[in-house]
Amino acid sequence: MKKIHIYIFTFLAAIGLSSCFGDLDTIPIDQDIATASNVYKDPSSYRQVLAKLYAGLALTGQEGPAGQSDIEGIDEGFGQYLRALWYHQEFPTDEAVVGWNDQTIKDFHEMDWTSLDPFIFAFYSRIFYQIPLCNEFLRETTDEKLNERGVEESLKTEIQGFRAEARFLRALSYYHALDHFRNVPFITEEDVVGSFFPEQINGADLFNYIEAELLDIENSIAAANSNEYGRADQAAVWTLLATLYLNAEVYTSTAHYDECVTYCEKVFGTAYQMDPIYQNLFLADNHTSPEIIFPIVFDGIDSRTWGGTTFIVRAGIGGSMNPAESGVNTGWGGTRTTPQLVEKFGKLGGLIYEANEGNTQSYAKIYTPGSFQGFDFSDTNNALSSVNNDKIYEGHKYFPEANTAIRITQIPSESAPYFGDNNDDGILDQFGEDIIIDEPGLYYFQVDLNENTYLIEKREWAVVGDAAAGWDEDIPMTFDEETGAMAAEINMLPGEFKFRANGTWDINLGDTFEDRILEYEGDNIKLNEPGVFKVSLFLNRPDYTFEVKFAAFDIRNHFYSDGQNLDINDITLFTDGYAVNKFKNVTSDGQEGSDIEHCDIDFPLFRLADVYLMASEALLRSGGNIDKAAEYFNVVRTRAYAGSTAGNVLPAQLNLDLMIDERARELYWEAKRRTDLIRFNLFTTDDYLWQWKGGVQSGKGVEAFRKLYPIPNSDMAANPNLVQNEGY
């Protein structure tokens with residue numbers, strides 16, 4: 001969106017735009033004097049004023065990146081709408097910390113802010129600057145006003161769409177007020193112009209107002225995908241409605257999950273599509289992405305600010321990072337993330353459990369040469385072992401073909417005697433007939449040379465447990481010729497698992513001593529992180545062991561770790577905590593943005609992946625169609641695994657713990673996290689801790705009232721109608 005320079009601000013101030021602030025120093029200012037009568041003489045002004053409403057989400061004044069500020073009394077950098085929203089949504093969570101010492105900025109992560117906090121004041125002021133702007137545009141575009149000015153019918157029709165967009169933008173800001181402050185001053189275009197003290201609206205009534213506004217405009221705003229890029233359409237309205245409904249139980253104590261699904265599915269019926277490449281959503285040319293439903297638009301030349309995506313990119317660069325790789329000239333060395341976010345992506349590429357050969361090499365052995373290896377008696381890879389050195393040997397052998405012939409020998413030599421079975425009765429005969437394995441597959445062998453008997457039994461091994469598909473559902477394993485192990489690639493969740501044969505518990509293996517050496521009837525094996533794993537079971541001969549390693553990778557882990565410590569021991573040090581380089585001021589073909597100081601990246605406030613996750617969560621919470629919930633969830637997971645279904649989950653695996661972690665993996669640093677953690681009751685409680693939560697390195701729970709921010713003290717003093725939020 002191009003920056004539009006328009007001259008309406010003194011006019012707006014003169015008619016009482018600042019009335020909701022009483023005597024605060026937060027009045028709009030501009031050196032150019034204008035009135036409604038001359039602003040709207042030019043028919044193009046309606047479009048220009050609408051542009052200013054959109055620009056209020058991105059810009060801070062008339063000169064950009066600073067100068068002729070919209071609002072007195074706040075710093076233009078941290079008072080920018082998106083930057084303020086990002087502070088309030090990210091800094092109090094597991095997704096972001098900052099090392100700066102600017103005023104009270106560290107209070108966010110410590111979760112001990114007060115009603116005097118200047119950053120809270122800045123965000124509150126920006127919201128309540130945006131809302132009156134929208135109100136004034138609506139006052140000046142009524143049919144009565146348009147008729148007085150002799151506006152042509154074609155333009156009047158277009159202005160009706162503009163009005164719907166203005167109402168959407170006002171609903172968006174009121175939503176942010178509801179989510180962050182809940183009970184706020186309330187003004188609309190119906191209020192008289194002039195100085196007065198706005199009444200306070202409670203959260204439930206504000207929810208109802210926002211809902212009613214969005215429902216009223218859904219058929220008058222531009223159809224989905226039909227508006228100019230950067231402007232709201234039906235899909236933006238439906239996404240905001242879905243967001244409102246998903247959080248309704250938090251706001252009103254009444255759930256609206258069915259409504260959330262309804263409006264998500266309206267979005268699915270549009271032409272918006274998942275971008276096949278996750279990274280492209282956060283690059284300088286992300287305006288070409290088919291996934292972004294409603295962006296906050298930035299341009300390095302035409303809409304400069306020290307907030308927005310310029311802040312997100314540059315604040316996150318420090319240490320040994322090369323700013324040029326992110327398309328900027330310097331970094332600000334501030335923001336990183338906690339180990340709790342990093343660990344949600346697992347130990348990418350690493351072993352979770354490494355095979356332990358144990359004492360295999362020291363056990364007494366016999367050998368099973370056969371047709372499967374050319375009756376090579378010198379080959380010792382077909383051994384069976386006696387764990388107790390009691391002449392009872394066991395192991396497993398895989399035969400790829402039917403009618404495999406084998407013999408048993410104690411010495412790996414062509415000249416050594418061997419055993420066969422003349423009568424096919426399980427009794428060994430010296431120099432007897434070859435033992436025939438009728439069918440291909442994996443077979444268990446037990447040979448007792450005390451009694452000269454043997455047992456050969458076909459076994460089909462599987463992984464079972466709540467970390468896999470459940471304790472009653474086997475995930476079968478197949479023979480891996482490269483490793484000689486039984487193996488399976490499984491999408492697993494934190495939990496426990498074991499190995500069992502032939503679909504029953506008669507034969508099962510676990511790990512009692514947590515040494516990766518398996519015992520019959522051993523203890524369950526613990527898995528502490530989710531992921532797609534290759535699970536290998538080594539059964540050639542005792543000691544039996546296993547290996548678990550990541551098999552498929554989540555490509556969304558845009559962390560910088562070189563020279564960075566995973567743990568944050570000193571929050572002021574940029575090198576404590578991994579950096580996040582998700583947003584980059586370079587294009588999808590590697591070119592720099594238009595400017596190396598200010599970023600071209602548009603911020604994806606609403607995008608399709610979030611809508612899929614909202615629908616999945618709403619179905620899960622409401623007890624709806626769980627298959628459909630998994631389907632929507634897996635749309636996001638498939639893209640996360642580069643188009644592979646390896647990361648997909650089964651309906652039975654879908655739960656709220658997985659959901660909140662998936663939202664973090666998909667949406668980190670997109671100004672969603674605080675709202676999500678509150679909805680899952682993890683924001684203030686000690687049920688989930690991250691480093692420096694509550695101001696201590698190990699994390700601690702905080703007071704429940706921190707779910708809301710305080711109304712700034714200065715507005716409380718100015719408006720006698722306001723009641724402060726609990727705890728402040």
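**An enclosed strand and its surroundings**

Guide: Strand E4, residues 292-296, is largely enclosed by the rest of the structure, because 5 of its 5 residues are buried. Buried means under 20% relative accessible area, with over 50% called exposed and the range in between partly exposed (1.4 Å probe, protein chains only). Helices (H or I, at least four residues) and strands (E, at least two) are DSSP runs, numbered from the N terminus. This is a predicted model, in which local features need pLDDT of at least 70 and side-chain atom pairs count only at pLDDT 80 or more, while totals for chains, interfaces and linings use all residues. Residues are numbered from 1 along each chain as its sequence is written, and side-chain values use heavy atoms, leaving out hydrogens and water.

The partner of E4 is strand E28, residues 603-607, and the two pair in the antiparallel sense over 4 bridges. Two strands pair if DSSP finds at least two bridges between them. Within this pair, isoleucine 292 has arginine 607 of E28 as its bridge partner. Strands of a sheet pair through backbone hydrogen bonds, either parallel or antiparallel.

The buried residues of H13 are Gly308, Thr309, Thr310, Phe311, Ile312, Val313, Arg314 and Ala315.

Isoleucine 217 belongs to helix H9, residues 203-217, and is buried, with a relative accessible area of 0%. Not counting residues up to four places away in sequence, isoleucine 217 touches Ala164, Arg167, Phe168 and Val237; contact means heavy atoms within 4.5 Å.

Elsewhere, 5 strands form an open sheet in the order E6-E25-E24-E19-E18, with antiparallel pairing. Its edge strands are E6 (351-353) and E18 (478-480), each of which pairs on one side only. On average, neighbouring strands of this sheet are turned by 35 degrees against each other, direction ignored. For such angles, axes are lines fitted to C-alpha atoms (for helices over the stretch in contact), and values run from 0 to 180 degrees between N-to-C directions.

Within that sheet, strand E24 (residues 531-538) and strand E25 (residues 545-552) run antiparallel and are joined by 7 bridges. Valine 535 has valine 548 in E25 as its bridge partner. The loop between E24 and E25 contains aspartate 543, and the peptide bond from proline 542 to aspartate 543 is cis, with omega near 0 degrees.

A further antiparallel pair consists of strand E16 (residues 461-465) and strand E17 (residues 470-476), joined by 3 bridges. A hairpin connects E16 to E17 through 4 residues, and valine 463 has isoleucine 475 of E17 as its bridge partner.

At 2% relative accessibility, methionine 111 counts as buried. Tryptophan 669 has a phi near 65 degrees, again a positive value in a residue other than glycine. The loop that holds tryptophan 669 runs between helix H17 (656-667) and helix H18 (673-679), and tryptophan 669 is buried, with a relative accessible area of 0%.

As for the whole, the protein has 19 helices and 28 strands. Its C-alpha atoms fill a box of roughly 115 × 50 × 50 Å, taken along the principal axes. Of its 728 residues, 60% are buried. Among contacts between residues at least 6 apart in sequence, 68% join residues at least 24 apart. The protein exposes about 27,300 Å², of which carbon and sulfur atoms supply 46%; accessible areas come from the Shrake-Rupley method with a 1.4 Å probe.
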